[in-house]
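I opened the notebook to go through one structure, piece by piece. My entries follow in the order I looked things up.

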Amino acid sequence: MLSHDPRANDDLAQKLASKSDYLPPAMSLLVPGAKPAPASVASPTATDGYASNVFAGKQEQLQKVCSYVEEKGFIPKELVLNEVSWFYGNLGIDDMYFQLENIETIAQHIMALYAAKISAFIKNERALDIELERETEEGAVYINTSVPGVSNIDGPQHEQRIDLRYLDHSTKTAAFRVESYRSSGTVSSSLSTQLRCYFVRKCQFVRPDPTEQESLDIQLVGDKTFLEKATENTLEIYSKVMKHALLRTGPVIEVYDIPKSRQKRLVIGFKQRTTSGLLSAISDLYHYYQLYSTRKYVEHFSNGITIHCAYLDQVPGSKAPPIEASIWQVMKEASLMYCLPSTPFQSFFQSGQLSVQETVYAYVGWIFCQHFLNRLGNEYVALASALDLGNNLHVEVLQKIKKRLRSDTFTREYILDIIKLYPELLKLLYTNFAMMHYINPPHDDMKISLSYQRLQTTPVLSEDELLEKIKKTVANNHELMIFEAFVKFNRHVLKTNFYQPTKVALSFRLDPGFLPEIEYPSQLYGMFLVIGSEFRGFHLRFQDVARGGIRLVRSRNKEAYSINLRSLMDENYNLANTQHRKNKDIPEGGSKGTILLNFDQQDKPRVAFEKYVDAMLDLLIAGESPGMKEKIVDLYGKPEILFFGPDEGTADYMDWASQHARKRGASFWKAFTTGKSQSIGGIPHDTFGMTTRSVHQYVLGIYRKLNIKEENCHKLQTGGPDGDLGSNEIKISKDRTTAIVDGSGVLYDPEGINREELLRLATKRLMISQFDTSKLGSKGFRILVDESNVKLPDGTIVDSGVKFRNEFHLHPLAAADVFVPCGGRPEAVDLSNVSTLINADGTPRFKYIVEGANLFFTQEARLRLEKAGAIVFKDASANKGGVTSSSLEVLAALAFADDEFAENMQVKNPASPPAFYVDYVKAVHGIIEKNAELEFEAIWREAARTGLPKSILSDTLSTAIVKLNAELQLTTLWDNVPLRLLVLTEAFPNILLEKLGLETLLKRVPEQYVKAIFGSYLASRFVYKYGTEPSQFAFFEYMAPFFAKLNGHQQK
């Protein structure tokens, strides 16, 4: 916009026309009497990376900006040309800014800069504080003052905003690219202030939805603007990084030299949305080593890959090690930043008080304290001693007190505040940790990392000296307890991937010996802690050879997250312990994994699972790739194999985990996960109703013992036709189901729900929300969770569908002969509500309960129901069909060579599976039903003999088998080779013996696994036959037939 005064416009035009170009000698307002500095042009050149941005209309735009600024009258007329010219020429702002912004915005920025200079002159300041920004849905422009190599904690935090608003949420369909430049000039000749510019623009991909083949072509998956600007060198580098990132779970980190310069080019590629806040985190990292970026870029690609690129140089006058050493350290530590881009200790890193390793270590220690700080105190121990731990009522009350003490004594915030008070203690504690686990440095001094050199400057204290230092430093007992927990963590870490050059999450193999017996009475064998930017997780196991599911824990709100966080370790421990008892008659002991998604990461379950698995593999597979996966310090010293299974939220990820273990070179990849697709050798529980096979055997056992016809029984079922156990229970049963509760609501019909319609839903795996309500009787109804104020046929008003669904199993209408929980949250029935399941006359509302869902009842609730007359079979006994199937899936995977496995176990065509596979599934069904029958008969017989509750006997039976199994593996029975072979001939499935032979099986299956088969077979069969209190001659009597066979063979 030009001035309304024609003479003013003519005068301005003459001034502009008199210049040879649009970059006049500087005459910017500095201070009164100051001399202008000569003009200089220094837009970034990037022949090695990106083509320079050149705006052809810059001179014409400058004229229009001058006119606009002059008309506003804020800057004196005679100074307008000089101010605008300095902004356009001397300041060194990249041409991209002028190309993107309109006249009005540029003019406003110039006037803001002028105002800042006036303010600095008045206050006698030698630097400016400038913050200019414009944000839209299509992108943003940010300009702020920037000191090279400094993270301004109190500044505008533009990089954090770019991360949060644009980069962290970028996907294949909606992504933003970033270009950032440092101005080569200063705001004036007397002020040293430089500007940093950020340009954010929405991506326009050549192929927004590429095919698998097109995904490898950078010319097709790239943004159009990027492809126009990128040089051949950049396209070649990015294409290589992109292809590697597509194959990796974690980041690809590379450093390149810049021709004729000491600058280094840092390039990081990774899958979109697998980390967050990385732009700002990497800046903090290289600032720590006194490096700064002259320019940087973030590019997204429509194949789901993100690439960050920064051109780094050393801060002028820096006393830090040369850039050649610093960049190597930045490259190593970039993977730590990828794992945990931001922690509550970030300010200590930004200010240089702590290194990135020390910061991350502090965060890990904080998490450890949240779960394992001994917060119960002597009073709890005294109370536990006074109570009868054999009384389940006392145990449940004690559990509730423990939960309350843990949540009230040390909150997360309280622990964090205390840790932040003592950064000097964190440095000492980290050094103690590092001296045990830091990968030994090479002998070549030139290759010793800066982080290792840094360790030499911190005093190395023994554990006793460290504890003494802590005691002298902290102010009270609470603070002492927190830092003692750090020492405990250091002492019990057996191996970690903390120092692996590349990683996606941090993993720690811990010796569980620090767990207090009063809280965790059954001793764990192994324990893993995994921490990523989206989650934290555990993996617990009760013996060397162990298997169990990996559970994803989500949180609806912050309150639910706090509850889940507090109970995570205890729930994991209880689930693993239940699994251990359930696994009594299979080789593997019990284990369980949990992954708790951070509250703000609820939409990233798969990312969290993949990181969890990859980080665990870091500790199971010996590193053999220098610069990527190196050998770690292993204080455990023995090989470990873990077996993962599906659980809540992870059933769809088992294929990926198995194939990823294969890519990582794990010899055990075929057996690494169970519940895989049939195409890669899995035996899906839901497809073949494996868990239901066991649960229903207990239901049928009750009917058989009491001479009841199944068709006449009314049943309540939680867990609907959309789930594994729920759908198969519907398919296999013949009862009159009166009520079903699932995720969508409650379905009820006192005359029995239409079985044909139920079978339709079960076959198609549909929720009861899809039930045809016209097939309900006159007293039947369906209440969905999103409904409210609904009148039932008896006139009752249901205020909330969600509340009605959650509590229906406690409702009077839920009365039935048999209750089979096939789904639901743990402890749905506990001491506080079990009384609702007992009628006024003292009789139970359900005569028979077979607990299909894990931990649906607390032990005290089960005992109360049994005392009222109910027949109760608990989860550890009833639902072991799935674990038996998974165990036999593992065994087949270990037994077959890769080619044999593909031929016999992989179902490429569901219509024509391999003959062996079909027969093997039938054999699995038979073994499940036989094991269930043996245990049912043993519990029924022991209950009649002793009068003890079946829920107690189930545990007693399991404990007896597990204990005897462990003992048998250590006896001389195993050393008796002929006896060993005889037992294994009975213990291995006949179908495998016929296919491969015992000799081949013993060569291929790991010895510790074969030992477990030997022990579990003998132990389970003995206890099932002779009970929990056998005579001292019983085992001799049990083994007599085996020795008789041996004698017969020897005589022959």
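This is a predicted model: local features need pLDDT of at least 70, side-chain atom pairs count only at pLDDT 80 or more; totals for chains, interfaces and linings use all residues.

Entry 1: I then looked up Ala 840. It has 92% relative accessibility, so I logged Ala 840 as exposed. Where does Ala 840 lie? I found Ala 840 in the loop between strand 22 (816–821) and strand 23 (846–850). I also checked Ala 840 against Asn 909. The two are 69 residues apart in sequence, and their C-alpha atoms are 57 Å apart in space.

**Entry 2: cysteines.** How many disulfides does the model have? I needed the cut-off here too: two cysteine sulfur atoms must be within 2.5 Å. By that rule I got zero disulfides. I followed up on two of the cysteines. For Cys 197, the nearest cysteine sulfur belongs to Cys 309 and is 18 Å away. For Cys 309, the nearest one belongs to Cys 203, at 15 Å. Then I checked burial. Cys 197 has a relative accessible area of 1%, so it is buried. Cys 309 has 2% relative accessibility and counts as buried as well.

**Entry 3: helix 13.** I tested the length of helix 13 (residues 356–372). It has 17 residues. At 1.5 Å a residue, helix 13 should span 24 Å. I read 24 Å between its end C-alpha atoms, which agrees. Is helix 13 largely enclosed or open to the outside? I counted 17 of its 17 residues as buried, so helix 13 is largely enclosed by the rest of the structure.

**Entry 4: helices 2 and 3.** I looked at how helix 2 (residues 58–72) meets helix 3 (residues 77–90). Their axes come within 9 Å and cross at roughly 145°. The crossing is right-handed. Which residues make the contact? From helix 2 I listed Lys 58, Gln 61, Leu 62, Val 65, Cys 66, Val 69 and Glu 70. From helix 3 I listed Lys 77, Val 80, Leu 81, Val 84, Ser 85 and Tyr 88. I thought about the spacing in these lists. An α-helix has 3.6 residues a turn, so residues three or four places apart point the same way.

Entry 5: I traced an open sheet of seven strands in the order 9-10-11-12-14-13-15, with mixed pairing. Strand 9 (493–496) and strand 15 (643–646) are the edges, each pairing on one side only. The twist averages 20° from one strand to the next. Inside the order I picked out strand 12 (residues 535–541) and strand 14 (residues 589–597). They pair in the antiparallel sense over seven bridges. I noted Leu 597 in strand 14 as the bridge partner of Phe 535. I also found helix 20 (residues 477–492) lying across strand 9 and strand 10 (506–510). Helix 20 runs at about 70° to strand 9.

Entry 6: I moved on to strand 17 (residues 736–742) and strand 18 (residues 745–748). They run antiparallel, joined by four bridges. A hairpin of two residues connects them. Val 741 stands opposite Val 746 of strand 18. Strand 18 also runs antiparallel to strand 19 (residues 781–784), again with four bridges. There I found Tyr 748 opposite Phe 781 of strand 19.

Notes. Residues are numbered from 1 along each chain as its sequence is written. Side-chain values use heavy atoms; hydrogens and water are left out. Two strands pair if DSSP finds at least two bridges between them. The expected span of a helix is 1.5 Å times one less than its number of residues. Buried means under 20% relative accessible area, exposed over 50%, partly exposed in between (1.4 Å probe, protein chains only). Axes are lines fitted to C-alpha atoms, for helices over the stretch in contact, and angles run from 0 to 180 degrees between N-to-C directions. Contact means heavy atoms within 4.5 Å. A crossing is left-handed if the near helix is turned anticlockwise from the far one by less than a right angle, and right-handed if clockwise.
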